[in-house]
Amino acid sequence: MALKDITLGQYFPGTTIIHRLDPRVKIIGTIAYIVALFLAKWLVTYAIMLVVLAALIAISKIGVKSILRGMKPILIIVIITGLLNLFYTPGQGEPLVSFWVFTIYPEGVWAACAMVLRIAMLITCTFLLTYTTSPIQLTDALERLMNPLKVIKVPVHELSMMMSIALRFIPTLIEETDKIMSAQKARGADFDSGNLIQKAKALVPLLVPLFISAFRRADELAVAMECRCYHGGEGRTRMRQLKLKGTDIAALILAVVLCVVIGVLGRYGF
Amino acid sequence: MEPIIETRRLSHIYSAGTPFEHGALVDVDFTAYRGEYLGIIGHTGSGKSTLIQHLNGLLKPTSGQVLFEGKDIWESKERTRQTRFQVGLVFQYPEYQLFEETVYKDISFGPRNMGLDEGEIDRRVRQAAQFVGLKEETLEKSPFELSGGQKRRVAIAGVIAMEPSVLILDEPTAGLDPVGVESILGNIHDYHQAKNATIIIVSHSMEEMARTVDRIVVVNDAKIPFSGTPREVFAHGDELEKMGLGVPAMTRVFHRLKGMGVDIDPSVYTIQQARDAILAKLGKAVV
């Protein structure tokens with residue numbers, strides 16, 4: 001079934017040093033890496049970024065295959081960006097090729113390669129974050145990082161609770177969709193053929209039960225939470241306290257160093 | 001007896017080529033005969049749900065064949081679609097698949113997909129409603145106003161209305177009260193009698209199985225270790241226990257008696273049989 005193959009920020013459990021890092025550090029590190037990516041200018045800085053990413057992937061023991069598989073859906077965007085850069089970067093020297101309305105300069109080739117590489121690295125590093133951090137840890141870390149916003153009355157706890165619940169129910173709803181789809185197919189429903197309107201109509205027998213079951217689940221969950229005296233974030237303690245360890249601080253320092261080094265090198269055009 | 005559905009060396013592997021790969025069925029040969037009342041037992045994750053979803057072409061075998069009336073159901077797209085109407089499948093908790101405004105419309109969804117004319121659809125909807133004991137006036141109600149048990153009847157009627165020659169039901173009585181269980185089993189029995197249909201019931205309630213079916217197929221660990229009449233199957237008491245299935249309470253008592261050195265037939269599974277066996281043992285005439 002095609003529905004089961006969706007990897008939506010799928011978490012691969014593991015015990016590597018990257019898995020064990022404080023999730024807050026991982027989020028900050030990812031942001032730092034993205035910032036550094038945009039500071040990178042030319043071959044040397046790109047090479048450093050690539051080496052850093054390769055090292056992180058190697059340490060985390062995430063297979064290159066799973067990263068490539070996650071890349072598939074955004075392949076088209078990457079290709080289009082690459083092509084646009086290839087054709088629309090003006091250059092001073094002789095054009096490499098010129099046909100119809102298109103002219104390609106050597107600068108265009110470089111710009112296209114750099115842009116494709118940049119997007120690929122950007123996406124890979126966010127994959128690294130979601131592959132090595134469970135959704136619960138992620139929302140936990142986000143809640144802590146956004147804590148200062150409480151001062152301006154942003155309901156940080158409620159937002160992160162909603163986020164974890166939403167994440168938690170994605171696989172459940174996918175499974176449910178699969179089940180209802182099979183049940184309707186068993187009654188002769190046809191989801192694959194016909195024109196657009198027929199296809200949209202064919203979705204009614206799927207969507208109605210799905211919505212009803214989502215509401216039912218939400219209702220049951222609310223009751224279950226109230227039964228356990230949930231009343232929002234006020235005065236709530238947590239089972240797993242996030243504490244920075246030595247490795248976390250080291251990782252933070254490395255991330256800052258990376259940003260500074262790339263920034264300086266980039267400024268001088270390397 | 002003439003076979004109606006067969007599988008030949010049927011295998012199904014989930015998530016092939018990933019670290020999550022596992023075989024849900026491995027080289028399974030399964031046969032259901034025309035007009036029989038068949039039970040499939042197996043614990044959760046044994047592969048029984050995967051097996052039944054192959055029987056009407058909802059899942060495509062990784063390897064092997066599924067034959068309906070001797071022909072491969074994956075021969076052509078049309079054949080697969082026809083098989084879905086011929087082999088009705090009622091899923092677990094089917095009440096969650098209801099979607100129409102009225103009970104009548106929901107039951108007519110299947111027959112309408114078959115492309116029947118209005119007169120025939122109407123006849124089938126009313127007859128299916130009758131089989132599951134739904135009243136005339138219920139047909140115009142919204143399915144969402146009904147009780148859980150009533151909803152399940154509507155959902156089962158939705159499959160019966162296609163008048164399949166094979167009716168497969170996955171745990172049709174799960175979560176119902178004892179009266180509801182009896183009445184649903186009765187409805188299924190009526191359909192079996194009236195249409196001479198093949199019935200395949202999936203369950204893990206041994207007691208329920210023992211009372212209703214002619215033959216039991218045991219599914220365990222992606223394979224079918226044995227099948228036969230309830231008496232034959234329950235004779236494998238120890239193996240069933242090891243699979244986490246257990247045998248009816250009555251059978252367990254008689255196995256224990258036998259173990260204690262009483263010379264008695266341990267394959268009984270109903271109270272009637274138990275009474276006869278004890279009377280025979282005591283040397284009294286069976287009344």
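How many salt bridges are counted between chain A and chain B? The count is one salt bridge, a term that denotes a side-chain nitrogen of Lys or Arg within 4 Å of a carboxyl oxygen of Asp or Glu. It is formed by A:Arg187 with B:Asp106, whose closest N and O atoms are 3.1 Å apart.

The model is predicted, so that local features need pLDDT of at least 70 and side-chain atom pairs count only at pLDDT 80 or more, while totals for chains, interfaces and linings use all residues. Residues are numbered from 1 along each chain as its sequence is written, chains are lettered from A and ligands numbered from 1 in the order in which they are written, and side-chain values use heavy atoms, with hydrogens and water left out.

The interface may be considered next. Between chain A and chain B, four residue pairs are in polar contact, both residues being at pLDDT 80 or more; a polar contact is a pair of N or O atoms within 3.5 Å, where within protein one must be able to donate a hydrogen and the other to accept it, and residues adjacent in sequence count only if both atoms are side-chain atoms. On the side of chain A that touches chain B, helix H8 (156-186) and helix H10 (204-227) each supply at least two residues. Helices (H or I, at least four residues) and strands (E, at least two) are DSSP runs numbered from the N terminus. By class, this side of chain A has nine nonpolar, three polar and five charged residues, where Ala, Val, Leu, Ile, Met, Phe, Trp, Tyr, Cys and Pro count as nonpolar, Asp, Glu, Lys and Arg as charged, and the others, Gly among them, as polar.

The contact (heavy atoms within 4.5 Å) takes 17 residues from chain A and 21 residues from chain B. The two chains bury about 1,800 Å² between them, 61% of it on carbon and sulfur atoms; buried area is the accessible area (1.4 Å probe) that two parts lose on being put together, summed over both. In chain A, the residues that lose the most area to chain B are A:Ala186, A:Arg187 and A:Gly188, together 36% of what that side buries.

Within chain B, four strands form an open antiparallel sheet in the order E2-E1-E4-E5; two strands pair if DSSP finds at least two bridges between them. Because E2 and E5 of chain B stand at the edges with a single partner strand each, one side of each is left without a neighbour in the sheet. Helix H1 (residues 48-55) of chain B packs on this sheet, touching E1, E2 and E4, and its direction makes about 125° with that of E1(B); axes are lines fitted to C-alpha atoms, for helices over the stretch in contact, and angles run from 0 to 180 degrees between N-to-C directions.

Strand E1 (residues 3-14) of chain B pairs with strand E2 (residues 22-33) over eight bridges, and B:Leu10 has B:Val28 as its bridge partner in E2(B). Five bridges join E1(B) to strand E4 (residues 63-68) of chain B, where B:Ser11 stands opposite B:Ser63. E4(B) and E5(B) form a hairpin with two residues between them, and B:Glu69 in the turn has a positive phi of about 50°.

Chain B also holds an open sheet of six strands with mixed pairing, in the order E6-E7-E8-E3-E9-E10. Its edge strands are E6 (87-90) and E10 (227-228) of chain B. Strand E3 (residues 37-41) and strand E9 (residues 215-218) of chain B pair in the parallel sense over four bridges.
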